[in-house]
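Q: I would like to learn how to read a protein model step by step. Could you show it to me and walk me through a few features?

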Amino acid sequence: MHVPLWAWAAFVGAVLGLLTIDLLAHRRAHVIGFREAAWWSLLWVSLGIGFAGVIWAWQGPGAAGEYTAAWLLEKSLSVDNLFVFALIFSYFKVPREYQHRVLFYGVLGALVLRFIFIAAGVALLEQFSFIIYIFGAFLIYTAVKMLRDSGVEMDPGQSRAVSLLRRVMPVTDQYQGQHFVLRRAGKLVATPLLAVLVAIETADVLFAFDSVPAALGVTDRTFLIYTSNALAILGLRSLFFLLSGLMERFHRLATGLAFILAFIGVKMLLTDVWHMPITLSLGVIAVALAVSVIWSLLTEPPAQEAQEAGEAGEVAEKPAPEAGSSPTPAADRAEPREVAAPGGGLPGGRSR
């Protein structure tokens with residue numbers, strides 16, 4: 001698939017224009033509500049799907065199918081990445097009104113890094129065809145590891161990139177609005193918001209090690225891989241705010257993603273034996289995502305299941321009243337309640 005330079009320029013120009021509109025729309029720091037996040041998510045999803053129509057009209061249904069499969073794959077992997085973003089924001093106690101700005105510049109950096117990773121991956125495949133087997137084995141290994149690991153094990157404060165930032169320049173203790181860097185006494189000083197941005201960018205580099213090989217398992221066309229990745233990543237911010245507070249409900253998504261990564265890994269290992277039709281790949285990815293989401297909605301999260309089981313066990317352990325004994329008066333049955341301390345905290349200095 002030969003892509004002329006003007007097509008690359010047109011796509012990059014369109015992305016920069018969309019980012020400019022997004023930045024102007026969110027130039028004032030404010031908390032992104034569900035309604036606003038829903039409208040922006042609808043816009044980004046519409047653009048991602050609509051671009052598949054452009055590819056269809058330009059390069060035919062085969063290329064459009066490859067783009068759609070790569071876009072859907074990146075979009076699904078992005079949902080799993082949102083848990084890490086939520087962990088980083090929680091660790092650094094980032095005020096909600098500043099989170100969009102961090103994600104905006106995080107996405108901007110991700111667009112540049114993804115292009116570098118994709119170009120490097122395609123170049124390796126062109127020069128060393130056996131690399132596809134290494135990518136396939138790596139995806140299967142990642143899938144197995146994803147199934148074995150429960151939860152997100154990450155300490156953002158101990159990130160090497162964040163530690164390096166603290167060595168290079170001092171970091172203030174308090175947030176200074178939406179500023180990443182300040183000048184004090186003639187010296188540049190970083191705010192905690194820059195440390196958060198570094199942690200986000202570091203996480204995205206780690207995400208690319210899964211996303212790029214997976215996309216290469218769907219198509220080897222650089223333009224399709226990058227455009228699908230870019231349009232999926234652009235909607236990551238609005239998707240984060242849309243699913244904020246609901247991400248725990250998608251507790252089976254990791255299982256579906258592990259299956260998809262393993263499926264693509266096997267497909268890459270069989271590349272010289274059987275060329276899988278793109279329609280089959282797209283169908284498997286879509287069905288796996290749908291099943292994992294429906295499974296999540298029909299079952300309770302593990303933490304809630306454990307809590308309900310614990311409560312049931314406590315009820316079962318309570319001795320039944322002896323025959324002929326009078327029931328305990330309501331006043332005696334009532335358990336003592338904790339009274340909130342002044343300022344909304346709980347007694348003993350604990351905060352909610």
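This is a predicted model: local features need pLDDT of at least 70, side-chain atom pairs count only at pLDDT 80 or more; totals for chains, interfaces and linings use all residues.

A: Let us begin with a pair of helices. Helix α5 covers residues 131–148 and helix α7 covers residues 192–216. The two pack with their axes 10 Å apart, at an angle of about 130°.

Q: Which residues make the contact between α5 and α7?
A: On the α5 side, look for Phe135, Phe138, Leu139 and Thr142. On the α7 side, the partners are Phe209, Asp210, Pro213, Ala214 and Leu216.

Q: What do I find if I look at α1 and α2 in the same way?
A: Start again with the angle and the distance. Helix α1 (residues 5–25) packs with helix α2 (residues 34–59) at about 170°, and their axes are 14 Å apart. That angle makes α1 roughly antiparallel to α2. From α1, the contact uses Ala7, Phe11, Leu18, Asp22 and Ala25. From α2, it uses Trp40, Trp44, Leu47, Phe51 and Trp58. The contact of α1 with α2 holds 9 nonpolar residues, no polar ones and 1 charged.

Q: How many of the residues in helix α9 are buried?
A: To judge burial, ask how much of a residue is left accessible; under 20% relative accessible area counts as buried. Helix α9 spans residues 236–243 and is mostly covered, with 8 of its 8 residues buried. Among them are Leu236, Arg237, Ser238 and Phe240.

Q: Which residues of α4 and α9 are in contact?
A: First the geometry: the axes of α4 and α9 cross at roughly 145° and come within 9 Å. In this pair, α4 passes α9 in a right-handed crossing. The contact is built from Gln99, His100, Leu103, Phe104 and Val107 of α4, together with Arg237, Phe240 and Phe241 of α9. Its residues divide into 5 nonpolar, 2 polar and 1 charged.

Q: Is Ala143 buried or exposed?
A: Ala143 sits in helix α5. Its relative accessibility is 4%, so Ala143 counts as buried. To see what surrounds a residue, look beyond its neighbours in sequence. Leaving out residues up to four places away in sequence, Ala143 touches Ala258, Leu261 and Ala262. Ala143 and Leu257 are 114 residues apart along the chain, yet their C-alpha atoms are separated by 7.6 Å.

Q: Where is Arg101, and what does Arg101 touch?
A: Arg101 lies in helix α4. With 24% relative accessibility, Arg101 counts as partly exposed. Arg101 touches Gln178 and Phe180, again leaving out residues up to four places away in sequence. Its C-alpha atom is separated by 9.4 Å from that of Leu197, 96 residues apart along the chain.

Q: What should I look for in the backbone angle phi of Lys93?
A: Most residues other than glycine have a negative phi. Lys93 has a positive value, near 50°. Lys93 belongs to the loop between α3 (61–91) and α4 (96–127), and is exposed, with a relative accessible area of 66%.

Q: And what is phi of Ala185?
A: Phi of Ala185 is also a positive value, near 55°. Ala185 is in the loop between β1 (181–184) and β2 (187–190). At 84% relative accessibility, Ala185 counts as exposed.

Q: How many helices and strands does the protein chain have?
A: Here we step back to the whole chain. The secondary structure comes to 13 helices and 2 strands. Of the 352 residues in the protein chain, 42% are buried. The chain exposes about 19600 Å², with carbon and sulfur atoms supplying 64% of that area. Among contacts with a separation of 6 or more, 78% are between residues 24 or more positions apart.

How values were computed:
Residues are numbered from 1 along each chain as its sequence is written. Side-chain values use heavy atoms; hydrogens and water are left out. Helices (H or I, at least four residues) and strands (E, at least two) are DSSP runs, numbered from the N terminus. Buried means under 20% relative accessible area, exposed over 50%, partly exposed in between (1.4 Å probe, protein chains only). Contact means heavy atoms within 4.5 Å. Accessible areas come from the Shrake-Rupley method with a 1.4 Å probe; for residues, only the protein chains shown count as cover. Axes are lines fitted to C-alpha atoms, for helices over the stretch in contact, and angles run from 0 to 180 degrees between N-to-C directions. Angles under 35 degrees count as roughly parallel, over 145 as roughly antiparallel, 65 to 115 as roughly perpendicular and the rest as oblique. Ala, Val, Leu, Ile, Met, Phe, Trp, Tyr, Cys and Pro count as nonpolar, Asp, Glu, Lys and Arg as charged, and the others, Gly among them, as polar. A crossing is left-handed if the near helix is turned anticlockwise from the far one by less than a right angle, and right-handed if clockwise.
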